Amino acid sequence: MNITGINGKVKLNNSYEMPYFGLGVYKSKDGDEVKNAIHFALKAGYRHIDTASFYKNEEGVGEAIKESDILREEIFVTSKVWNDDQGYEGTLKAIDESLAKLQMDYLDLYLIHWPVPDTLTETWRAMEEIYRSGKAKAIGLCNCVEHQMDEIIENGTIKPMLLQNEFHPKLVQQNMLNYCAERNIQYEGWSPLMRGQILDNEVLKNIAEKYQKSTAQVVLRWDLQKGVITIPKSVHENRIKQNAEIFDFELTEDEVQQIDDLDNNERTGAHPDHFMEHFANK
């Protein structure tokens, strides 16, 4: 990944360009909260917004983008098909509902939110149709391990362009990074700051002190240097602005390794093989 600035992009395997830094809006309340967060982000230079039908804020996301003075084609928008909507017909219906809520003609990226067993191949068949129709400029998946990705690649006709997984210093999953790199599938991380649980780590604090940065900024810079697209979430203007101030320093190879070494396979969310039980118990 060639890291230049907040507007830097990576080229997906279908040649579509995607900003490697964006705003996640998980748990941002629909209405003023999510709209204000997006306005703050766009003002700070962000051009990538990541939402999902499950977040219940697509309407606010669409309104905020429409209210901005930035052209739609200059903003990269991601949404996702939720578990209950998957399968062939359900997925085709789901994207139309998302587009209607967002008041958009297309998504830049559409993702399968979780790999629902028994319907994954059929859901991907719908994703391929969505891609061919132009309703999504790129398609991919979230929350997968190797065997789920293998199922898609072996049974589909279009290779995923991106995989979005939980990714932070306590959950590096280098095996999945390598898997995607070998197949030219871009990796993207959610929960980069481990829901705040990582921010008091002494290794990160020592590196942050050296660069006069926050631990959050160190982690987000680490994401990019690992070749991972990062989408930190916040609704606070100062935090949204600070999260983007990561382009005036560079971690050494040793510092990247120090952060890698914090990995202990600790998750804040469900494991891709057990998420059905996880959500059933919610």
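Student: Where is the place of Tyr55?
Tutor: Tyr55 sits in the loop that runs between β4 (48-50) and α2 (58-67). Helices (H or I, at least four residues) and strands (E, at least two) are DSSP runs, numbered from the N terminus. This is a predicted model, where local features need pLDDT of at least 70 and side-chain atom pairs count only at pLDDT 80 or more, while totals for chains, interfaces and linings use all residues. Residues are numbered from 1 along each chain as its sequence is written, and side-chain values use heavy atoms, with hydrogens and water left out.

Student: What makes Tyr55 buried?
Tutor: Its relative accessible area is 14%. Buried means under 20%, exposed over 50%, and partly exposed lies in between (1.4 Å probe, protein chains only). Tyr55 is therefore buried.

Student: Which UniProt annotation covers Tyr55?
Tutor: The unreviewed UniProt entry marks Tyr55 as "active site". UniProt positions follow the numbering used here, feature names are shortened, and annotations may be inferred rather than shown by experiment.

Student: Which residues does Tyr55 touch, not counting those up to four places away in sequence?
Tutor: Val25, Tyr26, Asp50, Lys80 and His113. Contact means heavy atoms within 4.5 Å.

Student: Asp50 is in that list. What makes Asp50 count as buried?
Tutor: Asp50 has a relative accessible area of 2%, so it is buried. Its place is in strand β4. Beyond four places in sequence, its contacts include Tyr55, Lys80, Gln164 and Glu188.

Student: How do you know that Ser79 is buried?
Tutor: Its relative accessibility is 0%, so Ser79 counts as buried. Ser79 belongs to strand β5 (residues 76-81).

Student: What joins the side chains of Ser79 and Glu58?
Tutor: A polar contact of 2.6 Å. The term covers a pair of N or O atoms within 3.5 Å; within protein, one must be able to donate a hydrogen and the other to accept it, and residues adjacent in sequence count only if both atoms are side-chain atoms. Ser79 also touches Thr51, Ala52 and Tyr110, among others, with neighbours within four places set aside.

Student: In what order do the eight strands of the open sheet stand?
Tutor: The order is β3-β4-β5-β6-β7-β8-β9-β10, and the pairing is parallel. β3 (23-24) and β10 (228-230) each have a single partner strand, so they stand at the edges, and one side of each has no neighbour in the sheet.

Student: How do you know that β8 and β9 pair?
Tutor: Two strands pair if DSSP finds at least two bridges between them. Strand β8 (residues 162-166) and strand β9 (residues 186-190) have five bridges, in the parallel sense. Asn165 stands opposite Gly189 in β9.

Student: Why are the buried residues of α5 said to line one face?
Tutor: In helix α5 (residues 146-155), Gln148, Met149 and Ile152 are buried. Down the axis of α5, the buried residues fall within an arc of 100°, so they line one face of the helix. The arc is that of the directions from the helix axis to the C-beta atoms. These buried residues pack against α4 (120-133), β7 (139-142), β8 and α6 (174-182).

Student: Which residues touch the most other members of the largest nonpolar core?
Tutor: Leu23, Ile38, Tyr110, Leu141, Leu163 and Leu251, out of 85 residues. Such a core is a set of buried Ala, Val, Leu, Ile, Met, Phe, Trp, Tyr and Cys residues joined through side-chain atoms within 4.5 Å. Another core, of five residues, lies apart from the largest one, with Trp114, Val116, Ala270 and Phe275 among them.

Student: What makes Ile207 buried?
Tutor: At 5% relative accessibility, Ile207 counts as buried. Ile207 is in helix α7 (residues 202-211). Its contacts beyond four places in sequence include Val218, Leu251 and Ile259.

Student: What is said of the phi of Met194?
Tutor: Most residues other than glycine have a negative phi, and most peptide bonds are trans. Met194 is not a glycine, yet its phi is positive, about 55°. Met194 lies in the loop between β9 and α7. It is buried, because its relative accessibility is 2%.

Student: Is Gln212 buried or exposed?
Tutor: Gln212 has a relative accessible area of 75%, so it is exposed. Its phi is also positive, about 55°, although Gln212 is not a glycine. Gln212 lies in the loop between α7 and α8 (215-225).
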